[in-house]
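Here is a short briefing on selected side-chain and metal contacts. Keep the structure open while you read.

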Amino acid sequence: MKNIAILGSTGSIGISALKVIRDNPDKYNVVALAAGRNIELLNKQINDFRPILVAVMDDTLANDLSAMVQGDGSPEILSGVEGLVCAATLDEADTVISAMSGGAGLLPTYEAIKAGKNIALANKETMVMAGSLIMKEAEKRGVSVLPIDSEHSAILQSLRGHFREDIRRVILTASGGPFRSVSLAEMDGVTPAQALNHPNWDMGPKISVDSATMMNKGFEVIEAKWLFDLEMDQIFILIHPQSIVHSMVEYRDGSIIAQLGIPDMRTPISYALSYPRHYETRLEPLNLDQIKDLSFKRPDFKKFKCLELAFRAAEIGDSMPIVLNGANEVAVESFLRGGIKFLDISNIIEKTMEYHQPVPVDNIEEVMAVDRWARQAAADVRDAGF
Ligand code: MG
């Protein structure tokens with residue numbers, strides 16, 4: 001029996017993870033839940049899964065939730081970052097699903113590793129901001145960091161049973177998002193509603209915009225670099241609009257090993273929890289005979305400037321990926337509020353990166369300090385009209 005804490009239980013990954021857990025009651029048990037603002041759903045999850053501890057970000061919402069869940073067997077309810085960290089480090093938990101949105105996921109994930117928890121990681125911002133520190137700490141504590149990301153789950157599966165010195169390159173597939181066939185000129189006028197309308201995956205707003213700009217793929221390249229100890233020039237991106245081949249590993253003899261499946265996050269969630277086994281998910285099977293076309297093409301780095309910026313930040317290294325992430329978060333929030341245009345997202349990130357003097361980062365406090373600088377600098381760039 002695995003005892004699981006979920007950070008981000010009311011988001012799209014959290015909801016899918018609870019489906020996987022509900023379908024395997026003899027294998028998985030929920031001990032802690034943490035969420036942002038959706039206390040109605042959180043209350044329902046508490047009733048269904050009976051965790052020991054629950055955390056919400058906001059103090060007032062924590063009080064409201066406490067009033068809703070009174071009675072026998074009701075969980076302890078905490079709030080704020082300290083509450084999240086308590087959920088992530090709870091004694092009874094052995095595995096933490098890190099599925100919060102954005103840079104807010106870093107600190108609780110890092111604390112969970114320090115507390116000796118195995119991590120099932122959906123929060124890729126954690127790896128963009130602090131991949132080196134996270135992998136070092138995980139090695140030191142003897143815990144695993146397994147990806148809940150369809151591409152990285154595919155790579156993990158395609159690496160098993162092979163020698164890493166035989167790898168020629170890793171091929172990350174990308175759906176291309178809602179604007180893969182839209183011209184750069186047309187992208188200038190797109191609205192938040194259009195950016196949120198992803199063709200293949202049903203996800204939260206932040207990652208949906210990241211998919212539309214393809215920053216999500218840039219983050220995934222950095223995530224792959226740290227998770228699988230790769231060089232940036234070993235990672236190759238192909239646009240694959242059908243989202244059936246989730247990624248591939250090419251070996252030096254010319255063999256390519258791929259993992260395929262329907263686009264449903266329950267498969268990578270299940271694998272991160274059952275690794276190295278493959279447990280039942282009750283998902284509909286992939287019927288390749290009904291899929292007329294599997295196509296692949298190179299992405300357009302000029303059209304998807306965020307992709308180019310992610311490679312640039314990773315190649316500069318040190319603190320620059322933290323700035324990439326922080327500036328992106330500020331820009332995406334501004335776009336969703338209607339404050340800037342879609343193509344201004346990459347303009348704000350690029351300007352903020354230009355203002356940054358990269359420094360080595362050796363601990364989590366330094367990461368958080370650069371993150372604060374990046375968010376302020378990006379807001380200044382935005383407010384100055386860049
Ligand atoms: Mg992905």
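This is a predicted model: local features need pLDDT of at least 70, side-chain atom pairs count only at pLDDT 80 or more; totals for chains, interfaces and linings use all residues.

Arg298 places its charged end over the ring of Phe236, at 4.1 Å from the ring's centre.

**Aromatic pairs**

- The structure contains 4 aromatic pairs.
- In one of them, Phe179 and Phe342 have ring centres 5.1 Å apart and planes at 85°, so the pair is edge-to-face.
- This pair links distant parts of the chain, 163 residues apart. Phe179 is in the loop between strand 8 (167–174) and helix 8 (184–187). Phe342 is in the loop between helix 14 (320–336) and helix 15 (344–355).
- Phe335 also pairs edge-to-face with Phe342, at 5.5 Å centre to centre and 65° between the planes.
- Phe179, Phe335 and Phe342 make up one aromatic cluster.
- Phe179 is buried at 3% relative accessibility. Phe342 is buried with a relative accessible area of 3%, and Phe335 is buried with 1%.

**Magnesium site**

- Asp149 (OD), Glu151 (OE) and Glu220 (OE) are the protein donors of the magnesium ion, 2.0 to 2.1 Å from it.
- Their spacing in sequence is D-x1-E-x68-E.
- Asp149 lies in the loop between strand 7 (145–147) and helix 7 (150–159), and Glu220 lies in helix 11 (residues 215–227), so the pair ties together parts 71 residues apart in sequence.
- Asp149 counts as buried, at 6% relative accessibility. Glu220 is buried too, at 1%.

How values were computed: Residues are numbered from 1 along each chain as its sequence is written. Side-chain values use heavy atoms; hydrogens and water are left out. Donors are N, O and S atoms within 2.8 Å of the metal (3.2 Å for Na, K and Ca); water is not among the atoms, so sites may look incomplete. Helices (H or I, at least four residues) and strands (E, at least two) are DSSP runs, numbered from the N terminus. Buried means under 20% relative accessible area, exposed over 50%, partly exposed in between (1.4 Å probe, protein chains only). Rings of Phe, Tyr and Trp (its six-membered ring) pair if their centres lie within 6.5 Å; planes under 30 degrees apart count as stacked, over 60 as edge-to-face and the rest as tilted. A charge sits over a ring if NZ of Lys or CZ of Arg is within 6 Å of the ring centre and within 35 degrees of the ring normal.
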